[in-house]
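Here's a quick tour of a protein model, told through a handful of its residues. Have the structure open and follow along.

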Amino acid sequence: MTRLPKQNEPLVTHIYTADPSAHVYEGKIYIYPSHDLDHDGPDNDNGDQYAMEDYHILSLENFESPVVDHGQALHLDQIPWASKQLWAPDAAYKNNTYYLFFPARDHDGIFRIGVATSASPAGPFDPQPDYIAGSYSIDPAVLVDDDNRAYIYFGGLWGGQLEKWQTGTFVPDAEGPALDAPAIGPRVALLSEDMLSFQEQPAEISIVDEDGNPILAGDEQRRYFEGPWVHKYNGTYYLSYSTGTQHTLVYAVSQNPMGPFTFKGEILSPVVGWTTHHSIVEFEDKWYLFYHDSSLSGGVNHKRSVKYTELKYNEDGTIKKINPYPASAESAE
Ligand code: FUB
């Protein structure tokens with residue numbers, strides 16, 4: 001099934017796709033999305049509507065060539081430790097191997113992060129028998145740095161259960177912090193050389209304002225919610241994420257991949273649908289934002305479509321804010 005890519009339009013329409021993690025492998029763009037299911041089941045703040053069961057990998061030779069769906073790359077039935085909800089994945093390349101990192105609920109209903117391997121960026125992927133020891137919550141994103149160290153970032157509030165891990169163990173009825181307390185941050189851990197385990201206990205990333213004060217839990221315009229992504233531009237690490245309740249993609253910067261990160265601003269205005277989730281990748285000397293929205297399904301939260309648009313930096317390294325609907329709005333800033 002193929003389709004020519006157009007900016008701000010669904011990359012594919014034969015299936016619903018979301019949470020795109022884009023990478024350049026073997027000279028092509030590979031996109032690792034969630035595969036949204038069309039169903040009439042429950043829809044709630046716990047995220048039960050996101051009932052995904054497999055992954056399909058998409059690729060593009062370039063932006064003038066058709067989008068290829070490589071078919072099913074991994075199914076829930078192949079993953080012994082997982083019971084349901086294959087949410088936002090990411091991929092990484094190291095040791096001549098492609099790794100797919102993915103969250104799912106275990107048999108106790110707790111989100112964990114698994115890893116699967118392949119000799120090809122298009123899969124199919126072969127899962128490890130157990131989840132990564134010490135892993136929890138959702139939305140893994142992996143950065144293989146220039147020195148070949150690999151960092152995994154993860155975590156999401158609400159259905160993603162990050163509030164329940166504030167003490168380091170799972171507390172089923174734990175709530176988020178007080179609104180005037182520091183917001184919960186995403187987690188980061190160095191991966192082992194073989195990419196199959198954490199080298200250390202995950203650490204919480206601190207996101208601070210320009211004065212070095214932590215962003216507070218009540219600061220919904222800026223506080224972390226889910227969907228971390230880290231990329232490097234001119235030697236600076238950019239942590240971008242969704243603010244959740246404000247449905248905005250924002251970013252913070254640091255000279256250290258483990259933070260602290262200083263909040264900078266917005267990347268993408270809210271899209272149609274409840275979630276916003278993205279990745280940022282360089283291809284042939286330009287930068288691109290991959291994101292999703294629910295336009296194709298008329299706004300159904302769990303029937304989303306992956307899209308892309310060019311991302312530009314200002315001279316000072318800040319990111320130009322993007323309007324996901326440029327034809328219908330005044331202008332992108
Ligand atoms: O796709 C399921 C969840 O919705 C993801 O894990 C979140 O980032 C949000 O996009």
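Let's start with Ser-254: a polar atom of its side chain lies 2.9 Å from the backbone oxygen of Pro-260. Ser-254 itself is found in strand S18, which covers residues 249-254. Keep in mind that this is a predicted model.

- Is Ser-254 buried or exposed? Its relative accessibility is 8%, so Ser-254 counts as buried, since the cut-off for that is under 20%.
- Pro-177 sits in the loop between S12 and S13, and with 24% relative accessibility Pro-177 counts as partly exposed.
- Go from Pro-177 to Asp-40 and you cover 137 residues in sequence and 33 Å in space, C-alpha to C-alpha.
- Arg-149 is in the loop between strand S11 (141-144) and S12, and its relative accessible area of 44% makes Arg-149 partly exposed.
- Arg-149 and Glu-193 are 44 residues apart in sequence, and their C-alpha atoms are 7.9 Å apart in space.

**The ligand and its surroundings**

- Which residues are around the ligand? They are Asp-19, Tyr-50, Met-52, Trp-87, Ala-88, Ile-138, Asp-139, Glu-226, Thr-275, His-277, His-292 and Arg-304.
- Sort that shell by class and you get 5 nonpolar, 3 polar and 4 charged residues.
- On the Asp-139 side chain, an N or O atom is 2.5 Å from an oxygen atom of the ligand.
- The side chain of His-277 also has an N or O atom 2.7 Å from a ligand oxygen.
- For Arg-304, an N or O atom in the side chain is 2.7 Å from an oxygen atom of the ligand.
- How much of the ligand does the protein bury? On its own the ligand exposes 280 Å², and the protein buries 99% of that.

**Aromatic rings**

- To describe a pair of aromatic rings, you give the distance of the centres and the angle of the planes.
- How many aromatic pairs does the whole structure have? A search finds 30.
- One of them is Phe-63 with Phe-283, an edge-to-face pair with 6.0 Å from centre to centre and 85° between the planes.
- Why does this pair tie together parts that are 220 residues apart in sequence? Because Phe-63 is in the loop between strand S4 (54-60) and strand S5 (67-75), while Phe-283 belongs to strand S20 (residues 278-283).
- Both Phe-63 and Phe-283 are buried.
- Next come Trp-158 and Phe-225: their ring centres are 5.4 Å apart and the planes are at 80°, which is over the 60 degrees needed, so this pair is edge-to-face.
- Trp-158 is in the loop between strand S12 (150-154) and strand S13 (187-190), and Phe-225 is in the loop between strand S15 (207-208) and strand S16 (226-233), so the pair links parts 67 residues apart in sequence.
- Trp-158 is partly exposed at 33% relative accessibility, whereas Phe-225 is buried, with a relative accessible area of 2%.
- Look for a cluster too: ring pairs link Tyr-25, Tyr-30, Tyr-32, Tyr-93 and Tyr-98.
- Arg-222 lies over the face of the Phe-263 ring, 5.6 Å from the ring centre.

Note on methods: Residues numbered from 1 in each chain as written. Predicted model: local features only at pLDDT ≥ 70, side-chain atom pairs only at ≥ 80, totals over all residues. Heavy atoms only, no water. Near = heavy atom within 4 Å. Polar contact = N/O pair within 3.5 Å; in protein donor to acceptor, adjacent residues only side chain to side chain. Areas by Shrake-Rupley, 256 points an atom, 1.4 Å probe, with all protein chains shown as cover. Nonpolar A, V, L, I, M, F, W, Y, C, P; charged D, E, K, R; others polar. Phe/Tyr/Trp six-rings, centres within 6.5 Å; stacked < 30°, edge-to-face > 60°. Helix = DSSP H or I, 4+ residues; strand = E, 2+ residues; numbered from the N terminus. Buried < 20%, exposed > 50% of the residue type's maximum accessible area, 1.4 Å probe, protein only. Lys NZ or Arg CZ within 6 Å of the ring centre and 35° of its normal.
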